[in-house]
Amino acid sequence: QVQLVESGGGLVQAGGSLRLGCAASGSIRSISTMGWYRQAPGMQRELVATITSSGSINYADSVKGRFTISRDNAKNTVYLQMNSLKPEDTAVYYCNADVAVVNLGTPFNYWGQGTQVTVPS
């Protein structure tokens, strides 16, 4: 089994910054794509950013230029640096990863528990 544990969420004023982290643990052989998604109340979950093991990155248009995704492969950790935060960024942010587990040849997709980010108006 694989667990994704997030940190760094909280309340921040508009224009401020937060840095989210997500560490994968368990019997991990390798991790291909890691990413962040978010979901506001009553809304569909949406892509924020993803990063592959080779460093290929994509961002949602709404966060491009403000958010930066990165990863530390040695620590099985992905980060999301969020700058110039806006009230519309308020959501539960979920970590996601495609993980190949030791002794299992097939990769599987895992989700973190979610962490609340609140940016009041």
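Start by selecting strands β7 (residues 67-72) and β8 (residues 77-82), strands here being DSSP runs of E at least two residues long, numbered from the N terminus. Together β7 and β8 make a hairpin, with 4 residues between them. In the turn, click on Asn76: its phi is positive, about 50 degrees. Before going on, note that this is a predicted model, in which local features need pLDDT of at least 70 and side-chain atom pairs count only at pLDDT 80 or more, while totals for chains, interfaces and linings use all residues. Residues are numbered from 1 along each chain as its sequence is written, and side-chain values use heavy atoms, with hydrogens and water left out.

β7 and β8 pair in the antiparallel sense over 6 bridges; pairing takes at least two bridges found by DSSP between two strands. For one of the bridge partners, pick Phe67 and look across to Met82 in β8.

Which ones are buried (under 20% relative accessible area, with over 50% being exposed and anything in between partly exposed, using a 1.4 Å probe and protein chains only)? Phe67, Ile69 and Arg71 are, and they point to one face.

An open sheet of 4 strands runs in the order β1-β3-β8-β7, with antiparallel pairing. β1 and β7 sit at the edges with a single partner strand each, so one side of each has no neighbour in the sheet. On average, neighbouring strands of this sheet are turned by 15 degrees against each other, direction ignored; the axes behind that value are lines fitted to C-alpha atoms, for helices over the stretch in contact, and angles run from 0 to 180 degrees between N-to-C directions.

Next, select Cys22 and Cys95. A disulfide (a pair of cysteine sulfur atoms within 2.5 Å) joins them, S to S 2.1 Å. The torsion about their S-S bond is about -85 degrees, so the disulfide is left-handed. This pair links distant parts of the chain: Cys22 is in strand β3 (residues 18-26) and Cys95 in strand β9, 73 residues apart. Both Cys22 and Cys95 are buried, and a search of the whole structure finds 1 disulfide.

Then go to the core. A nonpolar core is a set of buried Ala, Val, Leu, Ile, Met, Phe, Trp, Tyr and Cys residues joined through side-chain atoms within 4.5 Å. Of the 31 residues in the largest one, select Trp36, Leu80, Met82 and Tyr93, which touch the most other members. At least two residues each come from β1 (2-7), β3, β4, β5 (46-51), β7, β8 and β9. β9 gives the largest share, 6 residues.

A salt bridge here is a side-chain nitrogen of Lys or Arg within 4 Å of a carboxyl oxygen of Asp or Glu, and the count comes to 4. Arg38 meets Glu46 at 2.8 Å, N to O, and Asp89 at 2.9 Å, N to O. Arg38 lies in strand β4 and Asp89 in the loop between β8 and β9 (91-101), so this pair ties together parts that are 51 residues apart in sequence. Asp89 also meets Arg66 at 2.8 Å, N to O. Arg66 is in the loop between β6 (57-59) and β7, 23 residues from Asp89. Shared partners join Arg38, Glu46, Arg66 and Asp89 into one network. How exposed is Glu46? It is partly exposed, with a relative accessible area of 37%, whereas Arg38 is buried at 5%. Arg66 and Asp89 are both buried too.

Finish at Ser32 in strand β4 (residues 28-39). Ser32 is partly exposed at 32% relative accessibility. Show its contacts (heavy atoms within 4.5 Å): leaving out residues up to four places away in sequence, Ser32 touches Ile51, Thr52, Ser53, Arg71 and Asp98. Last, draw a C-alpha to C-alpha distance from Ser32 to Leu18: 14 residues apart in sequence, they are 25 Å apart in space.
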